[in-house]
Amino acid sequence: MAGIRNGRPYRRLVAAQKALGLPCWICGHNIPANVDGRRHPLAFILDHEVPLSKGGSLLDPANARSAHRRCNSARGNRAEPQQSRVLHSRSW
């Protein structure tokens, strides 16, 4: 499947998703446009709502999501993104 990710349809999907300028679907923060996509943890990366290892479609735009590189890595192949760790006060 690695060869497919280098193909024109996949590159088109990545470009279309990036052009939407959406925030990271995992953490909700904006994705900076001016960072190195190969190394920077806040760089845009195409993520898939249903992970490929769980049967998600690589080229389906309905499965494509914008994410930060680090958020995507932290999520791994879980079907649901991990909720951000927000501390809640106890209700007494």
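A salt bridge here is a side-chain nitrogen of Lys or Arg within 4 Å of a carboxyl oxygen of Asp or Glu. Keep that in hand, as the structure holds two of them. Before you click, note that this is a predicted model, where local features need pLDDT of at least 70 and side-chain atom pairs count only at pLDDT 80 or more, while totals for chains, interfaces and linings use all residues. Residues are numbered from 1 along each chain as its sequence is written, and side-chain values use heavy atoms, with hydrogens and water left out.

**Stop one: strand 1**

Select residues 44-48, which form strand 1; strands (E, at least two residues) and helices (H or I, at least four) are DSSP runs numbered from the N terminus. Five of its five residues are buried, so the strand is largely enclosed by the rest of the structure. Buried means under 20% relative accessible area, exposed over 50%, and partly exposed in between (1.4 Å probe, protein chains only). Phe 44, Leu 46 and His 48 sit on one side, with Ile 45 and Asp 47 on the other.

Look for Phe 44 opposite His 68.

**Stop two: His 48**

His 48 is buried at 6% relative accessibility. Its side chain reaches the backbone oxygen of Leu 58 at 3.2 Å. Show its surroundings and you'll find contacts (heavy atoms within 4.5 Å) with Tyr 10, Trp 25, Ser 57, Leu 58, Asn 63 and Arg 75, leaving out residues up to four places away in sequence.

**Stop three: the salt bridges**

Pick Asp 47 and Arg 75, whose side chains meet at 2.9 Å, N to O. Asp 47 belongs to strand 1 and Arg 75 to helix 2 (residues 69-75), so this pair ties together parts 28 residues apart in sequence. Asp 47 is buried at 5% relative accessible area, and Arg 75 is buried too, at 1%.

Next, Arg 65 and Glu 49 form a salt bridge at 2.3 Å, N to O. Arg 65 is in strand 2 and Glu 49 in the loop between strands 1 and 2, so the pair links parts 16 residues apart in sequence. Arg 65 is partly exposed at 21%, as is Glu 49 at 30%.

**Last stop: the core**

Finish by selecting Cys 24, Ile 26, Ile 31, Phe 44, Ile 45, Ala 67 and Cys 71, the seven residues of the largest nonpolar core. Such a core is a set of buried Ala, Val, Leu, Ile, Met, Phe, Trp, Tyr and Cys residues joined through side-chain atoms within 4.5 Å.

Definitions and conventions. Polar contact = N/O pair within 3.5 Å; in protein donor to acceptor, adjacent residues only side chain to side chain. Pairing = 2+ DSSP bridges.
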